[in-house]
Amino acid sequence: MNHPTSKLVVDDLRLGHWSSRTEAFSLACDGLSFEIAENEFVAVVGPSGCGKTTFLTALAGLVPVTSGRLELNGTQISGPAPDRSLVFQQASLFPWATVTANIEFGLKAQQRLDAKGRARVAELVELVGLAGKERVYPRELSGGMSQRVNLARALATDPDLLLLDEPFSALDAQTREVMQEELTRIWQADVAGQGKTAVFVTHDVPEAVFLADRVAVFSSGPAHLVEVVDIDLPRPRDAAVKRSPGFQELNDYILGLVMSQTQPGRRAASDRGSNTPVVG
Ligand SMILES: Nc1ncnc2c1ncn2[C@@H]1O[C@H](COP(=O)(O)OP(=O)(O)OP(=O)(O)O)[C@@H](O)[C@H]1O
Ligand SMILES: [Mg+2]
């Protein structure tokens, strides 16, 4: 079903990988269907190896669609394009370039590094908390700082769709919490530009609940959608929301859904009758 306000339509999507070693095709996503609205922040959780990264890289246009629809703004995604930015687990910075030059990279590649572009980069350096580090090289940065640069670089081009694959999972627990708050702050500060639609893959259910407007739970692989859970926690959010009963309830519920996929036969932790029924 195609909703007129949907920015992203995923409909009966199948994705997979061809292995030249085994000369076999293996499915990573099978019959995946859901939709994402403009300006929505959707987190994706699911068992390890279920197909989350494959899905995200297909959104980036790096994995071809086997069958089904994967449409952004009504057009089938068929390859990479500058309207999408992808942030990986490990910050992949250019070691020979300063913090500023790393953040400028995408704008430069798109020939958009004009006065406006430079101003945006300067603004992003401030926003991600790297003021004073502009001329520093990646080898002098901590993991958290590197991931801040990575994030700023992805935001610099003002992408229509921001794709994040476990961007904080390599960080220690404390830095990770700080980064979650920073990302929420950046998102809420309306500086991500006009396009604020994001797909954020994570293993960490509390992280998903804290950041997202909705959480999509993928089945064990090949992935289909188990359920999309509305995160009806008020915004703006800060760390205090994690201590609220509403947060705990959502967290337990989603954890139950994920566990039901990793441990077949196990039921979801609680029955939140108001949620969309299990599909697929
Ligand atoms: N390049 C590839 N070639 C062949 N098979 C692949 C390739 N990349 C992933 N796969 C397979 O596709 C399936 C889904 O992998 P994917 O990386 O998408 O899972 P994931 O949900 O991101 O896992 P994790 O949570 O561990 O990051 C797995 O069975 C994996 O082995
Ligand atoms: Mg992955």
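**Salt bridges across the predicted model.** A search of the whole structure, which is a predicted model, finds 14 salt bridges.

**Close-up of the salt bridge between E38 and K7.** The two side chains meet at 3.5 Å, N to O. Because E38 sits in the loop between strand 2 (24-37) and strand 3 (41-45) and K7 in strand 1 (residues 6-19), the pair ties together parts 31 residues apart in sequence. K7 is buried at 4% relative accessible area, whereas E38 is partly exposed at 41%. K7, E38 and D160 are linked in a network of salt bridges.

**Close-up of the salt bridge between D83 and R84.** The N to O distance is 3.0 Å. D83 is partly exposed, with 28% relative accessible area; R84 is buried, with 12%.

**Close-up of the salt bridge between E177 and K242.** These side chains meet at 3.4 Å, N to O. E177 belongs to helix 5 and K242 to the loop between strand 10 and helix 7, so the bridge ties together parts 65 residues apart in sequence. E177 is partly exposed (37%), and K242 is buried (13%).

R176 is buried, at 13% relative accessible area. Beyond its neighbours within four places in sequence, R176 contacts F168, S169, L171, T202, D204 and E207.

R237 lies in the loop between strand 10 (225-230) and helix 7 (245-262).

Notes
Residues numbered from 1 in each chain as written. Chains lettered and ligands numbered in written order. Predicted model: local features only at pLDDT ≥ 70, side-chain atom pairs only at ≥ 80, totals over all residues. Heavy atoms only, no water. Buried < 20%, exposed > 50% of the residue type's maximum accessible area, 1.4 Å probe, protein only. Contact = heavy atoms within 4.5 Å. Helix = DSSP H or I, 4+ residues; strand = E, 2+ residues; numbered from the N terminus. Salt bridge = Lys/Arg side-chain N within 4 Å of Asp/Glu carboxyl O.
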